Amino acid sequence: MRADARRNRQRLLDAALQVYAERGADDASLDEIARRAGVGIGTLYRHFPTRRALLEAVYRDQVEELCAVARELKDQAPPEQALEGWLRALMAFGTTKRNLSSALMSGPEKSTEVATSCSAMVRDAATGLLAEAQRTGQVRRDVDVTDLLRLSHALALAADLPHSHPDQGERLMSVLLAGLRPQPADQA
């Protein structure tokens, strides 16, 4: 892909993410996405021939960014801090991208390939961070990656409930992080 085509594609992904966040994936106007990206509707359709193709690309792009955060944190921070930072990024991803994943999994055109591959990428990122934090003794050994991902998902959902306290997400995150620390019986 030429450099200008890559830039246009990325601008479309960025604009689509903004519109999805504002209006939800189901109510997003493709014309508005193209306008915000500064391209014509024909350019949008050349890159993404269907609404679903754009939605899948935005979701995959966001998951790839989340996994890149995991790699950066793993290289730059101690294991416990890397895991904590990534869990915070995962919570933010969960609360802001919920309508993307629900739109992908609804209707007759369920995006099982995208969901499966993105799920595998997130699981791989979590597995590496968790294993390293466990190896250094900073996280309980009885926690597995499924536990971690399910707790994170539940936390993101709970923090996003309509009548949640403004700092609900942060308070729930502190409970999750405290629960991940080794317990006195684990250290014996």
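Q: What makes the meeting of the Glu22 and Arg23 side chains a salt bridge?
A: A salt bridge needs a side-chain nitrogen of Lys or Arg within 4 Å of a carboxyl oxygen of Asp or Glu. Between Glu22 and Arg23 the N to O distance is 3.4 Å, so the pair passes the rule. Side chains of opposite charge can pair when their charged atoms come close. The model is predicted, so local features need pLDDT of at least 70, side-chain atom pairs count only at pLDDT 80 or more, and totals for chains, interfaces and linings use all residues. Numbering runs from 1 along each chain as its sequence is written, and side-chain values use heavy atoms, with hydrogens and water left out.

Q: Why is Arg23 called partly exposed?
A: Buried means under 20% relative accessible area, exposed means over 50%, and partly exposed is in between (1.4 Å probe, protein chains only). Arg23 has 41% relative accessibility, so it counts as partly exposed.

Q: Is Glu32 buried or exposed, and how do you know?
A: Its relative accessibility is 12%, so Glu32 counts as buried. Glu32 sits in helix α2, residues 30-37. Helices here are DSSP runs (H or I, at least four residues), numbered from the N terminus.

Q: Which residues does Glu32 touch, leaving aside neighbours within four places in sequence?
A: Glu32 is in contact with Val19 and Arg23. Contact means heavy atoms within 4.5 Å.

Q: How do you know that Asp4 and Arg2 form a salt bridge?
A: The closest N and O atoms of Asp4 and Arg2 are 2.6 Å apart. Asp4 is at 29% relative accessibility, so it counts as partly exposed. Arg2 has a relative accessible area of 60%, so it is exposed.

Q: What makes Arg135 and Glu132 a salt bridge, and where do they lie?
A: Their closest N and O atoms are 2.4 Å apart. Both lie in helix α7, three residues apart, about one turn of the helix. Arg135 is at 54% relative accessibility, so it counts as exposed. Glu132 is at 24%, so it counts as partly exposed.

Q: What makes the largest pocket a pocket, and what is its volume?
A: On a 1 Å grid over the protein atoms alone, a pocket is an open set of points where a 1.4 Å probe fits, with protein on both sides within 12 Å along at least five of seven lines. The volume of the largest pocket is about 640 Å³. Its lining has 23 residues, and the closest to the centre are Tyr59, Leu90, Phe93, Val122 and His153. A lining residue has an atom within 4 Å of a point. Elements giving two or more residues to this lining are α4 (51-76), α5 (79-96), α6 (98-104), α7 (112-135) and α8 (145-159). The largest share, seven residues, comes from α8.

Q: How many helices and strands does the protein chain have?
A: The protein chain has 10 helices and zero strands. The C-alpha trace spans about 65 × 40 × 30 Å along its principal axes.

Q: What share of the protein chain counts as buried?
A: Of its 188 residues, 37% count as buried. Among contacts between residues at least 6 apart in sequence, 66% join residues at least 24 apart.

Technical notes: Points joined across faces, edges and corners; volume = space filled by probe spheres on them.
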